[in-house]
Amino acid sequence: MEEIAKELVEQLNCETVFTIPVFGGIPVKESVVVSWIIMAVILLICFILSRNLKIEHISRRQAIAELVVTKLDSLVESMIGEEGRRYVPYLVTVLIYIGFSNISGLFGFKSPTKDLNVTVALSAMSIILIEFAGIYQHGFRKWLHKFTEPVWIVTPINILEVFTRPLSLCMRLFGNVIGAFVIMELLKMLVPVILPTVFSMYFDIFDGLLQAYVFVFLTSLYIKEAVE
Amino acid sequence: MEKIIALGAGIAVLGALGAGIGIGIATGKATEAVARQPEADGKITKTLILGCALAEATAIYCFVVAVMIIMMLK
């Protein structure tokens, strides 16, 4: 029991890989480095898929690229509605990033979403975008007035919601990733062969992608509510 | 002391009961809906998976709390 707990803590801790020697040293965590690797992979895929685009006689590569882009675009757009169309590219980017980072555990990396700092940053960006969308759509006064709707008595709850929304977003993503990870580790200790593969399909691939989808779905739902 | 910590973690996970009930009800209703309207299959599945993912979050919170109790209170 002691050994298991020790190994889990070791796996859950995010170590500092190196320190940038400016301003008294900025520590660079492992999650940041893995994020860079994921960014490089995504950039490489984008680069390969988007070379030599033509209007007529498209290649198979371009057909794949078009399919992926239109599918993801229409997926997010169906959630966010016509009004919030300008936020679709950001949401698709977040979807791809979270999806890739949740799967990256399969390739032996420590997934960045397992670090609470990453999910906090993601949800902070989401809530900033949500409030910005509201201000952009309605103007500052109308946006303030929205806090008192539908009746003035719910104002404290509406203000509280600005803080609970990102909290629940980041805790949901973090908890799911870490929960799946802990269960997989325990399973690997208990039954090292065959069974982990089956469960890995669910916990690593299905659940990881589902959580990316849920994160983007909730963000777009809030944005839709804000711009209405 | 250790036994009490273990007990606390166990009690924290009791909250997962709600998620179980919620997902059960959601799945039951989805089955009913598919039986009534088989052509709306895709939409129902999509909504169901989403609802399950949201309902599951409460269980996940319980789990996080339990893990924190075990890891932090040592």
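Helices here are DSSP runs of H or I with at least four residues, strands are E runs of at least two, and both are numbered from the N terminus. Read that way, chain A runs α-β-β-α-α-α-α-α-α-α from its N terminus. This is a predicted model, in which local features need pLDDT of at least 70, side-chain atom pairs count only at pLDDT 80 or more, and totals for chains, interfaces and linings use all residues. Side-chain values use heavy atoms, without hydrogens or water, residues are numbered from 1 along each chain as its sequence is written, and chains are lettered from A and ligands numbered from 1 in the order written.

**Chain A overall**
- Chain A has eight helices and two strands.
- Along the principal axes, its C-alpha atoms fill a box of roughly 55 × 55 × 45 Å.

**Where chain A meets chain B**
- The contact (heavy atoms within 4.5 Å) draws 22 residues from chain A and 13 residues from chain B.
- About 1500 Å² is buried between the two chains, and carbon and sulfur atoms give 74% of that area; buried area is the accessible area (1.4 Å probe) lost when two parts are put together, summed over both.
- On the chain A side, helix H1 (2-12), H7 and H8 each give two or more residues.
- That side divides into 13 nonpolar, six polar and three charged residues, where Ala, Val, Leu, Ile, Met, Phe, Trp, Tyr, Cys and Pro count as nonpolar, Asp, Glu, Lys and Arg as charged, and the others, Gly among them, as polar.
- Zero salt bridges are found across this interface.

**Salt bridges**
- Over all chains the count is six, a salt bridge being a side-chain nitrogen of Lys or Arg within 4 Å of a carboxyl oxygen of Asp or Glu.
- One of them joins A:Lys110 to A:Glu30, with the closest N and O atoms 3.3 Å apart.
- A:Lys110 sits in the loop between helix H4 (88-103) and helix H5 (116-138), and A:Glu30 in helix H2 (residues 30-49), so this pair ties together parts 80 residues apart in sequence.

**The largest pocket**
- The largest pocket holds about 420 Å³ of space.
- Its lining has 22 residues, and the closest to the centre are A:Gly105, A:Leu106, A:Ser111, A:Phe181 and A:Asp204.
- A pocket is an open set of points on a 1 Å grid over the protein atoms alone, where a 1.4 Å probe fits and protein lies on both sides within 12 Å along at least five of seven lines; lining residues have an atom within 4 Å of a point.
- H7(A) gives the largest share of the lining, seven residues.
- By class, the lining has seven nonpolar, nine polar and six charged residues.

Definitions and conventions
Grid points are joined across faces, edges and corners, and a volume is the space filled by probe spheres set on the points.
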